[in-house]
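This briefing covers the fold, the packing and some individual residues of one chain. Please read the points below alongside the model.

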Amino acid sequence: MANVSVYNMEGSEVGTIELNDAIFGVNVNEHLVHMAVLQQLANKRQGTQKAKTRGEVRGGGRKPWRQKGTGHARQGSTRSPQWKGGGVVFAPAPRDYSFKLNKKEKRLALKSALTSRVNENKFIVVDELKLDEIKTKKMVGVLKALHAEKALVVIHGEDSNVALSARNIPTVKVSYTNTINVYDILKYNTMVVTKDAVAAIEEVYA
């Protein structure tokens with residue numbers, strides 16, 4: 001099992017913790033990680049884009065001029081794609097971009113992302129993360145002490161003081177143990193995780 005240092009909110013090392021290899025020490029499957037990110041981004045797409053084809057544009061029922069003898073190219077409608085105000089060729093239509101991944105694939109992708117953070121020494125464990133008040137300045141100070149300016153902060157159980165203190169920091173996101181996902185883990189340079197959150201993740205995914 002991998003041993004990781006545990007820090008306090010001042011950035012001082014206060015101990016170590018053993019991580020479960022079944023979650024934080026798996027063989028990284030880059031393909032599944034890639035598919036998990038694709039799935040999350042695809043499932044967020046609204047898919048509501050729409051443009052009208054030549055059959056849907058209003059007007060254009062009358063042939064603009066006779067077939068022969070005018071010197072112009074033959075035209076059947078003023079709503080053909082080459083006309084101003086005409087329809088769009090192969091116009092986009094509303095569609096569903098989402099697709100499914102198997103449950104085992106999703107779990108392995110998450111474990112692979114967590115393992116990659118541990119391997120890269122970008123997985124910081126803190127003994128606790130408690131703030132007496134909602135204060136962005138205090139949260140910035142804690143993250144600076146941990147050398148984690150662009151970080152995904154994972155806590156166990158709702159803590160409004162921590163969540164609201166980090167809300168205005170553009171390079172930080174607070175997640176709970178039941179909402180972590182591959183995209184967020186890869187988006188932020190560092191993971192800052194409380195000891196309680198590590199135990200909860202191991203309990204769910206072991």
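Helices (H or I, at least four residues) and strands (E, at least two) are DSSP runs, numbered from the N terminus. In those terms, Val89 sits in the loop between α2 (30-44) and α3. The model is predicted.

**Sheet**

- Six bridges pair β1 (residues 2-7) with β2 in the antiparallel sense.
- Tyr7 has Glu13 of β2 as its bridge partner, and Ser5 has Thr16 of β2.
- The hairpin of β1 and β2 has five residues between the strands, and Gly11 in this hairpin takes a positive phi near 90°.
- β1 and β3 run parallel and are joined by two bridges; the bridge partner of Val6 in β3 is Val125.

- Ala197, Val198, Ala200, Ile201, Glu202 and Tyr205 are the buried residues of α7.
- The elements covering these buried residues of α7 include β2, α1 (21-24), α3, β3, β4 and β6.

**Contact of α3 with α7**

- The axes of α3 and α7 come within 12 Å and cross at roughly 150°. The crossing of these two helices is left-handed.
- On the α3 side the contact is made by Arg107, Leu110, Lys111 and Leu114, and on the α7 side by Ile201, Val204 and Tyr205.
- By type, the residues of this contact are five nonpolar, no polar and two charged.

- Leaving aside neighbours within four places in sequence, Leu114 is in contact with Ile23, Phe24, Phe123, Ile185, Met191 and Ile201.

- Arg117 is found in helix α3. Its relative accessibility is 7%, and buried means under 20%, so Arg117 counts as buried.
- Apart from neighbours within four places in sequence, Arg117 is in contact with Lys122, Phe123, Ile185, Leu186, Tyr188, Asn189 and Met191.
- Arg167 is placed in the loop between α5 (160-166) and β5. At 62% relative accessibility, Arg167 counts as exposed, because exposed means over 50%.
- Arg167 and His147 are 20 residues apart in sequence and 19 Å apart in space, C-alpha to C-alpha.

**Loop residues and positive phi**

- Val89 has a relative accessible area of 48% and is therefore partly exposed, the class between under 20% and over 50%.
- The C-alpha atoms of Val89 and Ala51 are separated by 9.4 Å, while these residues are 38 residues apart along the chain.
- Most residues other than glycine have a negative phi.
- Phe90 is a residue other than glycine with a positive phi, near 50°. Phe90 lies in the loop between α2 and α3 and counts as exposed at 80% relative accessibility.
- Asn121 is not a glycine either, yet has a positive phi of about 55°. Asn121 is in the loop between α3 and β3 and, at 69% relative accessibility, counts as exposed.

Terms used: Residues numbered from 1 in each chain as written. Predicted model: local features only at pLDDT ≥ 70, side-chain atom pairs only at ≥ 80, totals over all residues. Heavy atoms only, no water. Pairing = 2+ DSSP bridges. Contact = heavy atoms within 4.5 Å. Axes fitted to C-alpha atoms, helices over the stretch in contact; angles between N-to-C directions. Left-handed = near helix turned anticlockwise from the far one by under 90°. Nonpolar A, V, L, I, M, F, W, Y, C, P; charged D, E, K, R; others polar. Buried < 20%, exposed > 50% of the residue type's maximum accessible area, 1.4 Å probe, protein only.
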